[in-house]
Amino acid sequence: MAMPGMFLTPQVRSILILDSASGERVLAKYFDDELANAPVAEQKAFEKQLNGRIAKADLNPRNEAEVFMLNNQVCILKQVNDVTFFVNASTDENELVLASVLSAIIDALEALVKPLERRELHQAFDTLCLVVDEVVDAGEILETDSMNVITRVSMRGADGAADVSNAPLAEQTLSQAWSSAKQHFARSLLK
């Protein structure tokens with residue numbers, strides 16, 4: 001039986017995407033109560049520490065993820081074009097699991113947002129948020145297969161609702177099935 005405060009699944013404390021040059025936020029999701037409820041100034045200070053680490057990181061030519069410790073946290077970073085992705089967790093978490101979380105986010109975004117740069121991430125912010133939410137929810141790792149993430153995010157429309165018009169009838173709610181039937185009927189009338 002697990003002790004109180006211990007989790008059976010790996011937990012992520014934060015996922016951050018920062019501009020590599022300026023250190024400005026592109027996305028910041030804090031799941032740990034300590035930083036999630038902290039004032040924005042404390043969060044920005046933490047982000048500045050992480051950004052300072054970019055200059056010190058030995059970003060190898062193969063562009064692999066870099067693992068380091070900061071404030072009793074395991075941090076994984078990977079720089080892609082002009083943005084740097086960070087996944088942070090407690091020191092009890094496995095670095096390989098955290099690296100797979102980072103890889104799932106980056107791989108999904110590379111498939112959905114082209115080119116994967118700060119400006120395009122701002123323009124496709126809804127897609128960025130959906131990708132992160134599909135991989136991690138409330139700090140719990142849900143998915144590390146980027147293809148599954150891409151499939152789920154691609155099924156959502158601009159309003160965040162799933163596109164069910166081509167989904168099997170058994171997977172649709174009654175209102176979705178009714179809406180789908182109306183669309184098919186309207187298309188058949190136009191032919």
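**Close-up views of the strands, helices and loops**

**View 1. Strands S1 and S2 are paired in the antiparallel sense, with 5 bridges between them.** Strands (E, at least two residues) and helices (H or I, at least four residues) are DSSP runs numbered from the N terminus, and strands count as paired when DSSP finds at least two bridges between them. The model is predicted: local features require pLDDT of at least 70 and side-chain atom pairs pLDDT 80 or more, whereas totals for chains, interfaces and linings use all residues. Residues are numbered from 1 along each chain as its sequence is written, and side-chain values use heavy atoms, with hydrogens and water left out.

**View 2. The 5 strands make up an open sheet with antiparallel pairing.** The strand order across the sheet is S2-S1-S5-S4-S3. Strand S2 (25-30) and strand S3 (66-70) are at the edges; each has a single partner strand, so one side of each lacks a neighbour in the sheet. On average, neighbouring strands of this sheet are turned by 20 degrees against each other, direction ignored.

**View 3. Strand S4 (residues 73-80) and strand S5 (residues 83-90) run antiparallel.** These two strands are joined by 8 bridges. Opposite Gln 79 stands Thr 84 in S5.

**View 4. Helices H3 and H5 lie across strands of the model.** Helix H3 (residues 95-112) lies across strand S1 (14-19), S3, S4 and S5, and runs at about 30 degrees to S4. Helix H5 (residues 125-135) lies across S1 and S2, running at about 30 degrees to S2. Axes are lines fitted to C-alpha atoms (for helices over the stretch in contact), with angles from 0 to 180 degrees between N-to-C directions.

**View 5. Helices H3 and H5 pack with their axes 10 Å apart.** The angle of this packing is about 145 degrees. From H3, the contact (heavy atoms within 4.5 Å) draws on Val 101, Ala 104, Ile 105, Ala 108, Leu 109 and Leu 112. From H5, Thr 127, Leu 128, Val 131, Val 132 and Val 135 take part. By class, the residues of this contact are 10 nonpolar, 1 polar and no charged. The nonpolar class is Ala, Val, Leu, Ile, Met, Phe, Trp, Tyr, Cys and Pro; Asp, Glu, Lys and Arg are charged, and the others, Gly among them, polar.

**View 6. A cis peptide bond joins Lys 114 and Pro 115.** The omega angle of this bond is about -15 degrees. Pro 115 is placed in the loop between H3 and helix H4 (118-123).

**View 7. Asn 72 has a positive phi, although this residue is not glycine.** The phi value of Asn 72 is near 55 degrees. Asn 72 lies in the loop between S3 and S4.
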